[in-house]
Amino acid sequence: MKKLLIIGKGFLGNSLSKLAIKKFDVFEASLKHGLFVDIQKIQSIEKLIKKHDPDIIINCAAITNIEKTENDTQKLFLVNAQGPGNIAKIAKKYSKKFIHISTDSVFDRNKKKYNELDLPNPLNEYSKSKFQGEQLVLENNSNSIIVRTNFYGYDENGKFLFNWIINQLNNKKSIIGFEDIIFNPLEINNLSELLLELCLIEFKGIIHLAGDEIFSKFDFIEKIALSLNLDRKLVIRGNSDQIKLIAKRPKNTTLDNSISKKILSTKIKKLNEILSENYDEYKKIERGRP
């Protein structure tokens, strides 16, 4: 059984770990939980790799608070850019397969779908840090894999957008859904399955893991309401330009997933399918509790 090291015990890292234990000998590492690693320090990464000798490394560690970091970038770039570059360098030194998780937010241009060769155009400090992370990974280890993606899903701790949407609707609270922000996200467990398959095939470079369905944020929220028999009238059409945000947001981050569909066999699930499969669980998300 291959050894898999997952760095970062956030939403994706935890979800990935739960599925990975069925197929891999899994090690989890972060700054605060699991095995200790500080990706800002290359010596910390090397010590971890030498001790546990994984076959594959997936980096899920990142700072993702877009608003908070727009005017406080020092740690942001250390974690989101320098950190992945450090891991890539050590992975190359010890001949380990390395997969780094990036984001669809590096894009914002007038194009329906972005493929892996399209030039990024990051708009805010978060997306700039993630793009710089991509560059450092590939500079330090050309055999690395960069995964651009956007994901949603049920968080058992009651955090993040998906839980908030259902919680709001369950509690009869209205939500403004932006019609001008377009994306094609994957459900988090579906993404995890694709990542685990990617671990076992020959590939290097950039790949887009994304859904087949393209939504505006309004469409996405409305579909959740309809599928879970919640009040769709609570979902109000809106425009992101009406909201005062510190960090500028991209309007279109839709990813072309055609390469992933050619090389990976894992089925990409539609939103309705996910909502139907987990209907009972999602209906319990109320009053701020999972």
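Two strands are taken to pair if DSSP finds at least two bridges between them, and the strands themselves (E, at least two residues), like the helices (H or I, at least four), are DSSP runs numbered from the N terminus. On that basis, 7 strands form an open sheet in the order β3-β2-β1-β4-β5-β6-β11, with parallel pairing. Because β3 (35-36) and β11 (205-209) stand at the edges with a single partner strand each, one side of each is left without a neighbour in the sheet.

This is a predicted model, in which local features need pLDDT of at least 70 and side-chain atom pairs count only at pLDDT 80 or more, while totals for chains, interfaces and linings use all residues. Residues are numbered from 1 along each chain as its sequence is written, and side-chain values use heavy atoms, with hydrogens and water left out.

**Strand β4 and its partners**
- Strand β1 (residues 3-7) runs parallel to β4 and is joined to it by 4 bridges, with Leu4 standing opposite Ile56 of β4.
- Strand β5 (residues 97-101) also pairs with β4 in the parallel sense over 4 bridges, and here Ile99 of β5 is the bridge partner of Ile58.
- In a regular strand the side chains alternate between the two faces of the sheet.
- In β4 (residues 56-59), Ile56 and Ile58 point one way whereas Ile57 and Asn59 point the other, and all are buried, a term that means under 20% relative accessible area (1.4 Å probe, protein chains only).

**Cysteines**
- Counting as a disulfide any pair of cysteine sulfur atoms within 2.5 Å, the total comes to 0.
- The sulfur of Cys60 has its closest cysteine sulfur in Cys199, at 9.8 Å, which is too far for a bond, and Cys199 is accordingly in no disulfide.
- Cys60 counts as buried at 17% relative accessibility, and Cys199 is buried as well, with a relative accessible area of 4%.

**Packing of helices α2 and α4**
- The axes of helix α2 (residues 42-52) and helix α4 (residues 74-93) come within 9 Å and cross at roughly 40 degrees, where axes are lines fitted to C-alpha atoms over the stretch in contact and angles run from 0 to 180 degrees between N-to-C directions.
- The two helices α2 and α4 are therefore oblique to each other, since angles under 35 degrees count as roughly parallel, over 145 as roughly antiparallel, 65 to 115 as roughly perpendicular and the rest as oblique.
- Contact, meaning heavy atoms within 4.5 Å, is made by Ile42, Ile45, Glu46 and Ile49 of α2 with Gly83, Asn86, Ile87, Lys89, Ile90 and Lys93 of α4.

Definitions and conventions: Buried means under 20% relative accessible area, exposed over 50%, partly exposed in between (1.4 Å probe, protein chains only).
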